[in-house]
Amino acid sequence: MKSLLGMTAVAVVLSAVAFMLGSYQTDIYRKLLLWTTLALSYNFLFGIAGQVAFSHFTFYGIGAYAILILLFQVGLPLPLAILAGIALCVVLALVVAIPATRLEGFYLALATLAFAQLFIVVLNEGGTVTGAGGGLANYRLPDVFGVRVTGPWYTVVIVVLLLSTFATLWRLDRSWFGRACRAVRDNPEAAQAMGVNVARTKIIAYTITSAMAGVAGMVYAFVDNTVNPPIFGLQNSFLLLFMVIVGGSGRHAGAIIGAALLYLMPFLLSPLIGHHHALVFGVVMVAVVLFQPKGLIGVWDALVARRKLVP
Amino acid sequence: MKQVLLNRIRTALAAALVVVAPMAFAQTTIKIGLITDKVGPAKGFAEPVAQGAIYAVKELNARGGLLGRQVELLVEDDQGRPDVSATAARKLVDAGAAFILSVSLTPATQQAQSVTLESKTPHMTPSNSGDTLTTQIVNPNFWQTGPLASTQIATLLSYARNKNFKRVALITDNSDLGQLTNRFFKAGLEKSGIQIVSEEVVPGGSTTADPQMQKVRAANPDALFMTGVLTPENALILRSYRQLGLKTPVLGNYNLSIPVYSSIAKGLLDGVTFVDGFDPAKPEAMRFIEAYKKDTGNEPYNLHGYGYDGVMLVVDAIKRAGSTDKDKVRDAMQATKAFSGVMGGVGSVYGFADGKRTGFDGNGMVVRVYEGDKQGKVVHVGAK
Amino acid sequence: MNDFLELVVGATATGCIYGLVALSYLLITRPTGVINFAVGEWSTLAAFGGFLLLSRLEWPYPLGMLLVVTMLLLIGWLTERFTVRPLVERGAPPLAPILALLGMLVVFREFASLVFGADPQPVPPAFGFGRLELGPVAGSYQSFFIIAVAAAVFAAAWMFFERTLAGKSFEAVAIDRRAAALMGINLRRVTSLAFAASAGVAALAGLLVAPNVSAHYLMGLPLAIQGFTALVIGGVGRVEGALLGGLILAFAEQFTVRYAPVPPGLAMGVPLVLLIVFLLVRPTGLLLPREART
C-alpha cells in the first residue's frame, strides 16, 4: 500500500473527490485534509518522539503568517517565499527546541504553551505587519508560472501535501531515526547508554515536525484567504492533542482516524448537541484515557485480533 | 372493468396533481441567511440582534409573508470566528439564500464578504459598527446599517460642543473592533482640534485596569472616551475609575448601551454618557417594544431593534425587486431611501444615498446618560 | 508616590490570587507529581457558585463562601476518585492523569457555559466596593480582604506542612512514594486530601477575583497559566514559593504597564516571557525545597 503506485492511487481518488464537491463541502474537505496532515505530524512528535508540546498549531500559524508577510510585504516571489518561510520555521523551532531539551515532560509542555501564547500576543500587537486583531485578508495566491491555481486544483495541492507528509513520516518512522525517537521516548537514560544522542534526536524530531506544521500553514493561508489570531489560539492546540489521543497516539492510522472523527463530529452532531461539541470532546478524551489508552485504533486492533481467533 | 379502473386511477392522479402542485409551490420559501455568534466573544451582542431578526421574520410570516411566500430564516453559528463565518456564508449560498445578514464580529463579517463578493449574493450587517467594513473590500453586494464609529464620535462631539474639551484621554481594549473604534474616535477628535493626552489599552483577560487608569489620572484630561467593546474589561475600567477617585466625565461608545452593564457594573454607571442608536420614546420603537414583549414575554432592547430593522430593510428591497433575483435585489437595496425603522432618533431614516453602502442616518444617533444604573432619557440627537 | 503605593496594594492583591492558584497546583503536584491544569476551571466553578449564592440568592457572604468552598472540596475529591485514581491504580504512565485532567478542563468549562450561559455574571465582594486608606497606603476593601485571606491560607498551609504529622506525611510522599507507602502512609488518603485541598484553594482564588473580573466561563485558562507561571518562578518545593512567585509575577505585570514605555498589549507578554526565562535559566524556581537547603 505504501508503494509509489499505492500512493498515486490514493492521490487520484482523493483528488477526484475534490472535483465533485460543492463550495461548502469543498471547504470542509480541505480543512479535513489539513487537520489530518497536522495530526500526522503531531502524532510523530507526541506519540512517537514522546514530546508533549502545545506549539504545533502555533507553527501552523507561523507558516501561514510567514508566507503572507514574505509574499505581500517583503515582495518575494512565491518559490523563494516558500523556502524562506520554511527556513523561518526551522530557525524558530531550533530556538525553542535547543533550550527545551533540558526540560522534562511537563516543563516542555509549559514552555511550548507559553510560546504559543506569546505568538498570539505578538500577532495582536504586530500593527500593520500582522494586521493585529483583525489579521490579514484581501489577498489571493499569486499565479504559478502564469497559472491561477484555484478551486478543486488547490484541493489537489492539499492532497499532495497530505500524502507527502504521510510518506515522509512513514519513512522516518521506519528508519533508525524512528527507533531512536521511540527509545528516547521510552527511556532516555537507556537510549543514551546505547549510544543515541538524546538531545540531538529530540531537537531534530521537534524541528522536522514543526517545520511540517509550518508548511501546512502556508497551504492553509490560501484556503480561507484570511488569517487572524483567534484561528491559531490554544483551543485548536488542545483539539489536536485530543485528536491524536482519541485516535491512538503513536500510530499513523490513529492520527488519521482521530482527525477525521473529531473534525467531522461537530458537523454531524450539530443537530443533536448544538454548539456544545467541546463538551463531547472533553468527555470522549477522558473516556479514552481512562478506558482505552491506546485510542480508537486500539479498539480496532482488538476487534481484528478477536476476528482472527474465531475460525 | 379494467378500463373503468384505469380511468379511475387516471382521474385520481390528475386530482392529486392539482392538489399537490400548488402545495409544492407554496412550500418554496424565500430563504434569508443569518450568521450569528452563539458561543464566542460576540455572543452578548450577536444573539439579541439575531432574536430581533427572528421575531421580525415571525411577524412578517404572520402577516402573509413576502411576495406571497413564507420567509425562512436560516441561522448559522460562526462561533465568533472569521474563518468559520466564511464557511457559514458558503453553506448559506449553497442553500439558496436570497440575502445574508451578518450579525457576528466585525472581522467575521469582513471574512464572509469574500464569499458574498465571489457569489454576488446580497449581504448586509445591521449591527456591526466598524467603518472599514464597506471600505476595505469593494463589494457592491454588501451594505452596513449598523451605528458607525465615525457617526458615534461625531454625535458625541456635537453633544460636547459647549463643554469645551481641549485635552482628552482614550481607553480601549485589544479586540479588533475596540482598536478600530479607537482609531475612528481618535480621528474625529483630532479633526476637531482636540488633543489626545493619554491613550491606554486594557487587554482582554486582565484582572485590573488600575495601572492604565493611574496613567489616565496622571494626565489629567478634560474627558475620558471609552472606545472598547469587551464587556468585562469595560467593567474593570469603570471600577478602577471609581476606586482611583477619578472625576473626569466619561463618554462611551455604543457598546456601553448594552443592558448587561447594568448587572455587572452595578453602582459604577451613574453619570456615564454614551451614544446609542435607540430612542425608546420614538413611536416606531415603542410599537416594536410592545409587540415583541407581547410575543416573547421578554423586554427587547436596542440590539433587538437592529436585527428587526435589518430584516425589514431586506424584505423591503426584495419586495421592490419583485423577485429574489440577486441582481434585481441588489439594485433595489442600493435604491433604498427614507426607510423609517425602529432604530435611530425621532425623524431619522435609513438610506443609501449617492452609491454609499452605509445606511444609518448620520444624524440618527442619540446621546443618553446613565442615571444610577438605568439608562436615562435622550439628552441630545444628531451630529450637527 | 501616591500612585506607586496604590499600585503596590493592587499588585499585592493580584499576586495573592496568583499565589493561591499556584498553591492549588502545588498541593497536588508535590505528593503525586500530577500537574492539574483544571485548577483554573475549579476557580471558574467557584466564581459561578458565588454568583448563584451571593448575587442571585443573596446569602450572607460568610455562608455563601463556606458553601462554595465546601462544594469545591467535594468536586476535587470526586475528580481524583473518578479520573485519577483508576489510572494510578492501573499503573498508567504519569502522562495519563495529566491528559485526563486536561479533558476534564474542557468538561468543566463547557459545563459552566452550558449551565450559566456565555455572559459574564456579577459576583459581590466581601465588604462592598469601598476604599480603605491606611496612612499613605490605599486600596479597595476587596484588595485588603484578598491579602488577608491569602495570608491566612498560606500561614495555614505552612503550619500544616511544617508542624503537623499529616503535613509531614505529604512531604514524605512527595520525596519518595514507595518509601512512604512502606512506612505505612496511606497513599490513597494523601492523594484524595491533596485534590480536595487543591480544589478548595482554587475555589478561594476564584471567589476572590470574580468581583473584579466577573464570573465568566472563559476565566479559567488565563488564571491557570498565570498560576503555573507563579509556581515556576517561586519553585514547586515550598509553599512560600507559590506566594513569592505570584507576587513577583503580579508586580512585574502591573508595574510594567504603569511605568514602562512599552505598549500595554505587550505587557500581556510579560508573564509569558518570565515563564520562559525561568524555565530556561532556573526551572526549579527561586526557592529551593526544604531538603536541599540544609
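Which strands of chain B does α2(B) lie across? Keep that in mind as you work through this predicted model.

**Stop 1: all of chain B**

Select chain B and hide the rest. Its C-alpha trace spans about 105 × 40 × 40 Å along the principal axes. Switch to cartoon view. Of the 384 residues in chain B, 58% are buried. Now think about contacts between residues at least 6 apart in sequence: 68% of them join residues at least 24 apart.

**Stop 2: two domains**

Colour chain B by domain. Domain 1 takes residues 27-146 + 281-351, and domain 2 takes 150-276 + 367-381. Their centres, taken over C-alpha atoms, are separated by 28 Å. Where they meet, 13 residues of domain 1 are in contact with 15 residues of domain 2. On the domain 1 side, select α2 (43-62), α4 (106-119) and α11 (302-321) of chain B; each supplies at least two residues of that side. By class, this side of domain 1 has five nonpolar, seven polar and one charged residues.

**Stop 3: the five-stranded sheet**

Stay in chain B. Select strands β1 to β5. They form an open sheet in the order β2-β1-β3-β4-β5, with parallel pairing. Look at the edges: β2 (71-77) and β5 (142-144) of chain B each have a single partner strand, so one side of each is left without a neighbour in the sheet. Neighbouring strands here are turned by 20 degrees against each other on average, direction ignored.

Zoom in on one pair. Strand β1 (residues 30-36) of chain B and β2(B) run parallel and share seven bridges. To see one, select G33(B); its bridge partner in β2(B) is L74(B).

Now bring back the helices. Here is the reply to the opening question: α2(B) lies across β1, β2 and β3 (99-102) of chain B. Its direction is at about 165 degrees to β2(B). Next, show α11(B). This helix packs on the sheet and touches β1, β3 and β4 (123-125) of chain B. Its direction makes about 165 degrees with that of β3(B).

**Stop 4: the seven-stranded sheet**

Move along chain B to strands β6 to β12. What is the order of the seven strands in this open sheet? Trace it: β7-β6-β8-β9-β10-β11-β12 (chain B), with mixed pairing. The edge strands are β7 (195-202) and β12 (374-381) of chain B, and each pairs on one side only. Neighbouring strands are turned by 25 degrees against each other on average, direction ignored.

Centre the view on β8 (residues 223-226) of chain B. Four bridges join this strand to β6 (residues 167-173) of chain B, and the two run parallel. Select L170(B) and find its bridge partner, F225(B). Then select I171(B), whose bridge partner in β8(B) is M226(B).

On another pairing, β8(B) runs parallel to strand β9 (residues 250-252) of chain B, with three bridges. Select L224(B); its bridge partner in β9(B) is V250(B).

Show the side chains of β8(B). Are they buried or exposed? A223(B) and F225(B) point one way, L224(B) and M226(B) point the other way, and all are buried.

**Stop 5: chain A meets chain B**

Show chain A again. Here, 18 residues of chain A are in contact with 23 residues of chain B. Select helix α2 (residues 23-48) of chain A: it gives the largest share of chain A's side, three residues. That side has five nonpolar, eleven polar and two charged residues.

**Stop 6: chain A meets chain C**

Now show chain C. At this meeting place, 27 residues of chain A are in contact with 31 residues of chain C. Select α5 (105-124), α11 (234-247) and α13 (277-291) of chain A; each supplies at least two residues of this side. The residues of chain A's side divide into 22 nonpolar, four polar and one charged.

**Last stop: confidence in chain A**

Colour chain A by pLDDT. The average is 86, and 97% of the residues score at least 70. Which element of chain A has the lowest confidence? Select strand β1 (residues 136-137) of chain A, with a mean of 78. The highest is helix α3 (residues 56-72) of chain A, at 93.

Key:
Residues are numbered from 1 along each chain as its sequence is written. Chains are lettered from A and ligands numbered from 1 in the order in which they are written. This is a predicted model: local features need pLDDT of at least 70, side-chain atom pairs count only at pLDDT 80 or more; totals for chains, interfaces and linings use all residues. Two residues are in contact if their C-beta atoms, placed from the backbone, lie within 7 Å. Ala, Val, Leu, Ile, Met, Phe, Trp, Tyr, Cys and Pro count as nonpolar, Asp, Glu, Lys and Arg as charged, and the others, Gly among them, as polar. pLDDT is the predictor's confidence in each residue, from 0 to 100. Domain bounds come from an automatic or database domain assignment. A residue is buried if 20 or more other C-beta atoms lie within 10 Å of its own, exposed if 12 or fewer, and partly exposed in between; C-beta atoms are placed from the backbone. Two strands pair if DSSP finds at least two bridges between them. Axes are lines fitted to C-alpha atoms, for helices over the stretch in contact, and angles run from 0 to 180 degrees between N-to-C directions.
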